[in-house]
Amino acid sequence: MQVRSETRRNHGSSCGQNTCEALRKSKERADFLVYHDVLTGLPNRAFLLEHLPSMLAGADRHNEKVALLFLNLDHFKNINDSLGHASGDVVLKKVAERLKKCSRKQDVLIRLGADEFVTALGGIRDGAEAAVAAERIRKVVAEEFRVEGYSLSTTCSIGISLFPEHGTDPESLLKEADLALCCAKENGRSCWRFFTPDLNAKALERMTLENGLRHAIASEQFFIEYQPQVNLATGRIVGSEALLRWRHPELGLVPPNTFIPVAEKCGEIVRIGEWVLREACAQARQWQEQGVAGLPVAVNVSAVQFRQQSFPDTVKNVLRDTGLDAGMLELELTESLLLADADVVPSVMQRLREMGVNLAIDDFGSGYCGLNYLRQFQFCKLKIDRVFVQALGQSSYDDAITAAIIGVARILKMKVIAECAETEGQVHFLREHGCDEVQGYYFSKPLSADNFAERVLSQCN
Ligand code: C2E
Ligand code: MG
Ligand code: MG
């Protein structure tokens, strides 16, 4: 479907032929820009919103359906980051060409922005036809590209909404296709998903959490518990991990695994993470004054926080304000964090190490971390992921992996700690294989700050 741009006739006799021609051209160009995307030449969102109502009305009259396919390229940022924005633009143009070839004259194809495209399929009978079209698009986009001598490939995820069953107005259909797209992304990408009403419920839940998170610090709904870390040789508490808790006024205690990903997506994690850091450092300092000395506190750091160039300054300010020694702070980073931003991560880690802060790698073995990362980033501590620890004694495979991880940590002169140890058998295995420390319900659940201090002081007597 093409945009009609009105050309104005030249009635003015005083206007010179050339000037009028230039004016007409610039008017045409302006009209074009209102409804088109400059990079790909495809129509844009404004065009879709203007034409969709008549498309829907036509479908209604003929007892047909319309499907909105909301397409997003998977990991497009990687192409921009590795090959530069000019190559990224070439890929977007090529994707637009391929999508154009898939579209029929009764369809509307637009570029919504960045790496997002929408196709409205007109005159279809059922969802199955939309699924066939989505699968064709998915395959066509996945074919190899040649860009500046490189061959590269990208995949796409697609969310689908249907008129009239999912919505009857353009905005709702777009929103629902977008929700279905999120679902496709969460399901491993390079796939398509239809909108379902429960996606609306999930989005509502996410919105409730997001709104709640914005006020949680000011309303004092957060608090921290501290889980003891125990030396396996001596049985004594040698440190703690700060674990964030959120008491929501209506939902009650919301688990961190539920709200941290939401806070990461909406960016609130940066503020929340700083609050945790400040609280935990202030608490560690206060314990020292109570006679609980020499025990470092570990704080979990999200990849989103870590990607901020200013993160080392935040840590520095918190240490200065609370008066805690850098050596008494340990930051727990995850494997995915190391892989997330290859440009920023090494320099941030370097600055933190120079300040004397200890770095630990959390949930080790659950991600995609190569062993060379351990060497390159010089962690002082490695935390074995719970999946291995909890399977100890039940699977010779997990026994072997745990023993091997302990071995690697020792060779690299890193301290090794096992998390989530719950049974005598697990603790026995870990001690026998030379694991330094353990954390888990076997020794203690996470405790309030006061109870933690009491536990530590009681072991001194
Ligand atoms: P994590 O850092 O791996 O923390 C260990 C989790 O295991 C904690 O769950 C802890 O309560 C739980 N746990 C400890 N011992 C046992 C055990 O013996 N058995 C079992 N079944 N579980 C045990 P929690 O507190 O629910 O935290 C979950 C995750 O949320 C943490 O995993 C961490 O990734 C994240 N998290 C918690 N606090 C923060 C925070 O302040 N900032 C960030 N970015 N993430 C946090
Ligand atoms: Mg942790
Ligand atoms: Mg962990």
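The shell around ligand 1 draws at least two residues from each of β9 (237–248), α8 (256–266), β13 and α15 (386–390), and β9 gives the largest share, four residues. Helices here are DSSP runs of H or I with at least four residues, strands are runs of E with at least two, and both are numbered from the N terminus. This is a predicted model, so to speak: local features need pLDDT of at least 70, side-chain atom pairs count only at pLDDT 80 or more, and totals for chains, interfaces and linings use all residues. Residues are numbered from 1 along each chain as its sequence is written, chains are lettered from A and ligands numbered from 1 in the order in which they are written, and side-chain values use heavy atoms, with hydrogens and water left out.

**Ligand 1**

- Of the 23 residues around ligand 1, the ones that come nearest are Arg245, Asn300, Arg386, Glu422 and Tyr441; a residue is near if one of its heavy atoms lies within 4 Å.
- The side chain of Glu422 puts an N or O atom 2.5 Å from a nitrogen atom of ligand 1.
- Tyr441 uses its backbone instead, with an N or O atom 2.7 Å from an oxygen atom of ligand 1.
- Asp362 has a polar side-chain atom 2.9 Å from an oxygen atom of ligand 1.
- Ligand 1 exposes 790 Å² when taken alone, and the protein buries 87% of that; accessible areas come from the Shrake-Rupley method with a 1.4 Å probe, and for residues only the protein chains shown count as cover.

**The two magnesium ions**

- The magnesium ion (ligand 2) is held by Glu241 (OE), Asn300 (OD1), Glu332 (OE) and Asp362 (OD), at 2.0 to 2.2 Å. Donors are N, O and S atoms within 2.8 Å of the metal (3.2 Å for Na, K and Ca), and water is not among the atoms, so sites may look incomplete.
- Along the chain, the donors of ligand 2 run E-x58-N-x31-E-x29-D. Asn300 in strand β11 (residues 297–300) and Asp362 in strand β13 are 62 residues apart, a pair that links distant parts of the chain.
- Asp362 bridges the two magnesium ions, which lie 3.8 Å apart.
- How accessible are these donors? Asp362 is buried at 6% relative accessible area and Glu419 is buried at 8%, while Asp363 is partly exposed at 24% and Asn300 partly exposed at 30%. Buried means under 20% relative accessible area, exposed over 50%, and partly exposed in between (1.4 Å probe, protein chains only).

- Lys383 is found in strand β14 (residues 381–384) and counts as buried at 0% relative accessibility.
- Its side chain makes a polar contact of 2.9 Å with that of Glu241. A polar contact is a pair of N or O atoms within 3.5 Å; within protein, one must be able to donate a hydrogen and the other to accept it, and residues adjacent in sequence count only if both atoms are side-chain atoms.
- Leaving out residues up to four places away in sequence, Lys383 touches residues including Glu241, Glu332, Asp362, Asp363 and Glu419. Contact means heavy atoms within 4.5 Å.

- Most residues other than glycine have a negative phi, and most peptide bonds are trans.
- Asp363 has a positive phi, near 50°.
- Ser190 also has a positive phi near 50°; it lies in the loop between α6 and β7 and is partly exposed at 25%.
- Phe163 and Pro164 are joined by a cis peptide bond, with omega about 5°. Pro164 is placed in the loop between β6 and α6 (170–186).

- The 16 residues of helix α5 (residues 127–142) should span 22 Å, and the end C-alpha atoms are 23 Å apart, which agrees. The expected span is 1.5 Å times one less than the number of residues.
- Buried residues of α5 include Gly127, Ala130, Ile137, Arg138 and Val141. Among the elements covering them are β1 (65–73), α4 (85–102) and β3 (116–124).
- Leu457 lies in helix α18 (residues 449–460) and is partly exposed at 32%. Leu457 and Ala293 are 164 residues apart in sequence and 9.8 Å apart in space, C-alpha to C-alpha.
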